[in-house]
Amino acid sequence: MNTYCRLLRTRNASSGSAFYPDYERSARNRWSLPLCDLPRCCINGRQIVGCDALAKFRPVKFRLPEEMSQENTCKLSAWTSGTLPSMLRYILDRGASEMTAVDWNLIFDNWGIKSVAPTDKSKQAYVLSAEQHAAVIDADIAPSLERPATPITVVTPLSPYRQTVISSFYNAKRSAKASREPEPRMGRELIRVWLQVNDAVLIGNIGQTLYAIKIDSVENMTTAEVMQEIARRSPHSMVLALALEAAAGPVRKDVIRSEFARNPYVVAAALHRAQNTCEMPGCVAKLFERDDGSSYLEAHHIIPLSEKGLDSLDNVAALCPHCHRQQHHSRDRVALRMQLKNYIESVF
């Protein structure tokens with residue numbers, strides 16, 4: 001889990017209010033925070049910017065001491081009209097988008113990231129940030145004047161078990177004498193079921209389609225990988241329109257990547273063991289031949305190398321392209337893995 005989420009997950013089990021037992025508090029609201037808990041993107045030289053004029057707190061700046069203690073902590077002085085938990089939440093929301101490798105500007109027309117506050121969940125009304133509000137408005141979704149508010153569909157492209165959630169968009173009710181503007185909120189399933197306290201969530205739009213993505217779900221993903229998932233789960237009409245707008249000439253890019261070295265003798269031995277047949281039990285796919293007359297098969301590590309699987313003959317199977325893709329992308333891939341594993345162990 002990303003550092004900014006771990007910091008906010010320390011909560012009081014009885015009252016639900018935030019507290020920070022690992023941080024030392026002294027006079028004048030001075031706190032001691034582990035340096036590793038601070039969002040890296042907020043560190044500018046030896047200065048950490050906490051809040052700006054757009055926040056509901058006075059601008060606050062923190063200075064890192066010239067020498068760090070052995071405990072690797074830094075003393076941060078905070079003189080603000082708000083509470084430390086609220087101030088930290090603001091800092092961490094700003095850091096969330098910088099702690100991933102995804103360039104959200106290449107994906108969305110408008111977007112914003114905000115953490116779910118305890119009051120969002122308890123009131124079942126998610127208060128939008130200014131950037132998120134702009135995304136909803138640009139998606140041509142107007143605040144509902146009805147109560148209960150009119151349902152809207154939000155696409156959740158990185159959620160493993162559901163492609164959309166039902167939400168609503170409305171402004172909080174304020175009395176005529178209230179000094180504050182009504183807060184834009186989203187309700188229904190989005191906040192009641194899908195979001196949990198301290199989830200950092202991105203809300204953005206592509207045209208008139210509104211998206212919600214939990215930041216934790218894009219850890220270790222690239223911009224291209226996120227775009228592929230969004231394209232796969234988006235409305236066909238929108239995907240077709242964007243495809244028709246795309247330039248015909250491909251853009252060349254340089255790629256630097258790290259991958260596991262595979263033993264060619266293990267691969268060759270698995271293909272020889274298969275004797276031109278797919279080793280997945282029950283496979284009925286028709287194989288095609290290579291130029292040398294052999295059937296085309298692909299070597300597959302049953303337990304992936306990325307999961308500490310071995311590059312050994314008892315962990316490699318020769319599969320047809322169809323069964324190989326099933327092992328990686330099928331909804332039943334866990335059961336299929338066990339089926340293949342048991343078969344290879346029986347013939348090895």
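Helices (H or I, at least four residues) and strands (E, at least two) are DSSP runs, numbered from the N terminus. This is a predicted model, in which local features need pLDDT of at least 70 and side-chain atom pairs count only at pLDDT 80 or more, while totals for chains, interfaces and linings use all residues. Residues are numbered from 1 along each chain as its sequence is written, and side-chain values use heavy atoms, with hydrogens and water left out.

**Confidence**
- The mean pLDDT of the chain (the predictor's confidence in each residue, from 0 to 100) is 75, and 69% of its residues reach 70 or more.
- Over residues 1-88 the pLDDT is below 50, and beyond near neighbours in sequence this stretch has 164 contacts in the model, a contact being heavy atoms within 4.5 Å.

**Ser167**
- Ser167 belongs to strand β10, residues 164-171, and is buried with a relative accessible area of 0%, where buried means under 20% (1.4 Å probe, protein chains only).
- A polar atom of the Ser167 side chain lies 2.9 Å from the backbone oxygen of Gly187.
- Leaving aside residues up to four places away in sequence, Ser167 touches Thr150, Pro151, Ile152, Val154, Met186, Gly187, Arg188 and Leu190.

**Lining of the second largest pocket**
- Helix α6 gives the largest share of this lining, five residues.
- By class, the lining of the second largest pocket divides into five nonpolar residues (Ala, Val, Leu, Ile, Met, Phe, Trp, Tyr, Cys and Pro), seven charged (Asp, Glu, Lys and Arg) and seven polar (the others, Gly among them); lining residues have an atom within 4 Å of a point of the pocket, which on a 1 Å grid over the protein atoms alone is an open set where a 1.4 Å probe fits, with protein on both sides within 12 Å along at least five of seven lines.

Definitions and conventions: Buried < 20%, exposed > 50% of the residue type's maximum accessible area, 1.4 Å probe, protein only. Polar contact = N/O pair within 3.5 Å; in protein donor to acceptor, adjacent residues only side chain to side chain.
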